[in-house]
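Hi,

Here's the structure I said I'd send over. Have a look, and then read on for what turned up.

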Amino acid sequence: MNSTLNQTSITQRVRQVVLGLSLLGLACQVSAQTQVDDAWVRATVAGQQATGAFMTITASSDSKLLSAQSPVAKTVQVHQSTMKNDVMSMQPVEFVALPAGKAVTLDPHNYHIMLIDLVEQVKEGDKVPLTLTVENAKGEKESIKVEATARALNMPDHSKMN
């Protein structure tokens, strides 16, 4: 009889642990509001002072990308490139809207993250750490750590844009 009581007690404890772990797993999924895919940075040449970071961001609720940071640059800004009268220009923006469930692509021709005053050359294959700050419609902020791979790309040098 004592053996049956012990077995029941152990079974109850196992169920409690399983339930607790399940709830913890759900809490982690809920807190992961924003997903970042295909993050990359354009590799630089020696002496180049700026480059861009690009990725696809999907938020589970209406949100906005507010800012980014990286230890590879003294200044990091969210920018938008535009074409007007055959002239490409680039300006910092306050945020990038992230509509719920829709993938927003940051690319060289539209929104992107500028890494300015690089502390060293970014070489092809380097892993560049970025931390994105995203705010949802409730005003809750989320920090997302991203590792972007440096890729060589034949495109205009961002540091020469107005």
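Predicted model: local features only at pLDDT ≥ 70, side-chain atom pairs only at ≥ 80, totals over all residues.

Which residues have the most contacts inside the largest nonpolar core? They are Met55, Leu65, Ile113, Leu115 and Leu132, in a core of 29 residues. (A nonpolar core is a set of buried Ala, Val, Leu, Ile, Met, Phe, Trp, Tyr and Cys residues joined through side-chain atoms within 4.5 Å.)

Residues are numbered from 1 along each chain as its sequence is written, and side-chain values use heavy atoms, leaving out hydrogens and water.

Serine 63 sits in strand β3, residues 63–69 (strands are DSSP runs of E, at least two residues, numbered from the N terminus). Serine 63 counts as buried because its relative accessibility is 11%; buried means under 20% relative accessible area, exposed over 50%, partly exposed in between, with a 1.4 Å probe and protein chains only. A polar atom of its side chain lies 2.8 Å from the backbone oxygen of serine 61.

Threonine 82 is in strand β4, residues 73–84, and at 36% relative accessibility it counts as partly exposed. Its C-alpha is 9.1 Å from that of tyrosine 111, 29 residues apart along the chain.

Cheers

Terms used: Helix = DSSP H or I, 4+ residues; strand = E, 2+ residues; numbered from the N terminus. Polar contact = N/O pair within 3.5 Å; in protein donor to acceptor, adjacent residues only side chain to side chain.
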